[in-house]
Amino acid sequence: MATANDTAAQQSPWWRDAVIYQVYPRSFADSDGDGVGDLTGVRERLPYLAGLGVDALWFSPWYASPQADAGYDVADYRRIDPAFGTLADAEALIAEAHALGLKIVVDIVPNHVSDRHPWFREALACGPGAEARDLFWFRPGRGPAGELPPNDWQSVFGGPAWTRTTNPDGTPGEWYLHLFAPEQPDLNWNNTKVREEHESVLRFWFDRGADGVRIDSATMPAKDPALPDFDSAAPPLPHPYIDRDDVHGIYRSWRALAEAYSPPRALIGEVWLADPVRFAHYLRPDEMHTAFNFDYLNSPWDPAALRTVIDATLSSHASVGASPTWVLSNHDVTRHVTRYGRADSSFGHALRQHRTPTDLALGTRRARAALLLALALPGGHYIYQGEELGLWEVEDIPDDLRQDPIFHRTGGTDVGRDGCRVPLPWSGDLPPFGFSPDTAQAAPWLPQPAQWASCTAEAQDGRPGSMLTFYRTALALRRGEPGLRTLDFRWLPVDDPAVLAFTRADGFVCLANLSPAPAPLPRDAHLLLASDVDFDPATGHLPPDTTVWLRRP
Ligand code: NOJ
């Protein structure tokens, strides 16, 4: 007999509780041996992804790009980067993924384009005062000869957020704004052409079957047109370029566009905002559907911090009727096996705690516990490629092989994000571990550690207790639990505040022990899954850094 929960699960749109796997195309699988991943490589491994048990795939940008910021510098949204394949490959990939029951989310980057985008080329060629320049933020410099930037804004990647241009006649010209790298000029969203073009790009991908979009740097496209100086020690409010009220108009239009499709397409925001009320504004019923929960990602492996962020997440989302998300890693942050193996396991340190002492065995144990905890919470869940293999941050990439503009623009002070972007190990005992074919003419674009021989998908396949087996088991169980597909959630009373215990619908219970001491198990429950493969429920106790899923009568 169908229960109320079954019905709720059937009626709920997919994105409300989906498990979404992030594919970082450069590092997923290289079919043609050039050392860079590509779409054919992904197509060959779609059965692996379907078998993992995820619901959807989010692709970091696959568009034509000079790759100054690994594809987040888009030169043409309607073409695939030749390193990755062709538009026909993308169309085939979408069709094949759909046939396997996987939804597709593409990445849209509204804040900026590549400096090789035809719009920017034209703006440079036309010179000051041209209409083409109004698509960007060109301004004369300050100082007697315009030799100083128009204001004091700093790039997120380090250094000034302005670069001076050269006029078509060779004289020093205006400056243009780039909140990220100089190769990523910011767009002027007050210009209707910018709005129309992005809506056309959304339609282009929705018409090709994309089920949703991930919106890059979603708080940043709107700017204060006065471009005032910005004192970072005492930031003015409203902020001149983060989370301005007029940014919401963009997403309201996009929502209407997405809703005009059948089924409606999903809008997923990259919204890094500490203020939960401002965050929730992006999830109002006529804006985005969901947004990444970076507060959860940033949180240390600490019971009080996690309890606080879970409560704050649930209440901020409830205030607008939105479904939460739970995120442990992505292509911008230190992999969580490494974070959780450190004395301070939070993320958000300016310099990423590079090479601080790390206990990878502890981090791995906690990563398993963290997966069961996060998967049991109400809402959607994100998996970053390779976490199902238990990969850790690669910290010993030689400086001359590092590619991230953050590394280069900070003069290496901030080591950047290459360590979480190292190509995946699929099979074999030596690099490239099946990432590239045996006949490859180039090494993987970032070097893989020799120790990954034990982490390959092949080595873990079917092995009881491997991270891969654990992910497959957990995802299959989650999918079969209708109680996990509702927003039903209640904390359970515990004696030790370092134990996080909660119940969902249908008697489902999650117990995570973050205390250094064993925690008593409820007597009347039976075990569904434990994060520790050696866990024995007969002991009546849950070891430290372990999570279990239980069912109560
Ligand atoms: C956020 C993306 O996740 C990151 O990788 C990129 O560098 C910036 N936005 C700029 O697009």
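# Pockets, packing and domains

Biologist: How do the residues lining the largest pocket divide into nonpolar, polar and charged?

Modeller: The lining of the largest pocket has 18 nonpolar residues, 13 polar ones and nine charged ones. Keep in mind that this is a predicted model.

Biologist: OK, and what volume does that largest pocket have?

Modeller: Its volume comes out at about 1100 Å³. The lining counts 40 residues, and the ones closest to the centre of the pocket are Val156, Phe180, Trp272, Arg352 and Ile406.

Biologist: Which helix gives the most to that lining?

Modeller: That's helix H9, residues 294–298, with three residues in the lining of the largest pocket.

Biologist: And where does the largest pocket lie relative to the domains?

Modeller: Between domain 1 (13–112 + 192–460) and domain 2 (118–177), because both of them give residues to the lining.

Biologist: New topic, helices. At what angle do H12 and H15 pack?

Modeller: Helix H12 (residues 360–375) and helix H15 (residues 467–479) pack at about 10°, and their axes are 11 Å apart. Angles under 35 degrees count as roughly parallel, so H12 and H15 are roughly parallel to each other.

Biologist: Which residues make the contact?

Modeller: On the H12 side, Thr364, Ala367, Arg368, Leu371, Leu372 and Leu375. H15 brings in Met467, Phe470, Tyr471, Ala474, Leu475 and Arg478. By class, this contact of H12 with H15 has nine nonpolar residues, one polar and two charged.

Biologist: Back to domains. Which ones does the assignment give?

Modeller: The domain assignment gives domain 1 (13–112 + 192–460), domain 2 (118–177) and domain 3 (489–551).

Biologist: What separates the centres of domain 1 and domain 3?

Modeller: The centres of domain 1 and domain 3, taken over C-alpha atoms, are separated by 30 Å. Their contact takes 19 residues from domain 1 and 24 residues from domain 3.

Definitions and conventions: Residues are numbered from 1 along each chain as its sequence is written. This is a predicted model: local features need pLDDT of at least 70, side-chain atom pairs count only at pLDDT 80 or more; totals for chains, interfaces and linings use all residues. Side-chain values use heavy atoms; hydrogens and water are left out. On a 1 Å grid over the protein atoms alone, a cavity is a set of points where a 1.4 Å probe fits but cannot get out, and a pocket is an open set with protein on both sides within 12 Å along at least five of seven lines; lining residues have an atom within 4 Å of a point. Grid points are joined across faces, edges and corners, and a volume is the space filled by probe spheres set on the points. Helices (H or I, at least four residues) and strands (E, at least two) are DSSP runs, numbered from the N terminus. Ala, Val, Leu, Ile, Met, Phe, Trp, Tyr, Cys and Pro count as nonpolar, Asp, Glu, Lys and Arg as charged, and the others, Gly among them, as polar. Domain bounds come from an automatic or database domain assignment. Axes are lines fitted to C-alpha atoms, for helices over the stretch in contact, and angles run from 0 to 180 degrees between N-to-C directions. Angles under 35 degrees count as roughly parallel, over 145 as roughly antiparallel, 65 to 115 as roughly perpendicular and the rest as oblique. Contact means heavy atoms within 4.5 Å.
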